[in-house]
Amino acid sequence: SINAPPITGKVSSLIRAGQASAPVFRELLSSLNAGIQILLLDGVGDQMSESMVVAPLLKILQHDTGIETRDSLSLRNRFLETKRIIESVVDTNNLDDSEKERIS
């Protein structure tokens, strides 16, 4: 299931200021995982198709955030790279079971 917490302006401000705690980054990981799952609706590799769900969401994302997205694959790769960077710094091994479930 996809249970993504909303990313608020406050979270963005904390990250930009370098004041975000590990739980804040774990919440961000949860949102990234949800986004990756949604983007998988387009399929993977040769099975990629024009999605009736993802394509309109990419247009909304671009309008709301100004983030240029060519397709779901490029955005998914950006999400995966962001996860890799966070996970290289934030310890995700000391989570309770509910927090592990939320970010996986």
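Modeller: Gladly. A salt bridge here is a side-chain nitrogen of Lys or Arg within 4 Å of a carboxyl oxygen of Asp or Glu. By that rule the structure holds one salt bridge. Before we go on, note that this is a predicted model, where local features need pLDDT of at least 70, side-chain atom pairs count only at pLDDT 80 or more, and totals for chains, interfaces and linings use all residues. Residues are numbered from 1 along each chain as its sequence is written, and side-chain values use heavy atoms, with hydrogens and water left out.

Colleague: Which side chains meet in the salt bridge?

Modeller: The general idea is that side chains of opposite charge can pair when their charged atoms come close. In this model the partners are Arg84 and Glu81, at 2.6 Å from N to O. Both residues lie in helix H4, three residues apart, about one turn of the helix.

Colleague: Why does that spacing matter in an α-helix?

Modeller: An α-helix has 3.6 residues a turn, so residues three or four places apart point the same way.

Colleague: Is Arg84 buried, partly exposed or exposed?

Modeller: Buried means under 20% relative accessible area, exposed over 50%, and partly exposed in between (1.4 Å probe, protein chains only). Arg84 is partly exposed at 48%, and Glu81 is partly exposed at 36%.

Colleague: How many helices does the chain have?

Modeller: Helices (H or I, at least four residues) and strands (E, at least two) are DSSP runs, numbered from the N terminus. The chain has five helices and zero strands.

Colleague: How do I check the length of a helix?

Modeller: Compare its end-to-end distance with the expected span, which is 1.5 Å times one less than its number of residues. H4 (residues 72-89) has 18 residues and reaches 26 Å from its first C-alpha to its last, close to the 26 Å expected. The twelve residues of H3 should span 16 Å, and its end C-alpha atoms are 16 Å apart. Just after H3, Gly66 takes a positive phi of about 80°.

Colleague: Which residues make up the largest nonpolar core?

Modeller: A nonpolar core is a set of buried Ala, Val, Leu, Ile, Met, Phe, Trp, Tyr and Cys residues joined through side-chain atoms within 4.5 Å. The largest one has five residues: Leu28, Leu29, Leu32, Ile86 and Val90. H2 gives the most to this core, with three residues. In H4, the buried residues include Ile86 and Leu75, and the cover over that helix's buried residues includes H2 and helix H3 (54-65), where contact means heavy atoms within 4.5 Å.

Colleague: How much of the chain is buried?

Modeller: Of its 104 residues, 30% count as buried. The accessible surface of the chain comes to about 7,100 Å², with 54% belonging to carbon and sulfur atoms.

Terms used:
Areas by Shrake-Rupley, 256 points an atom, 1.4 Å probe, with all protein chains shown as cover.
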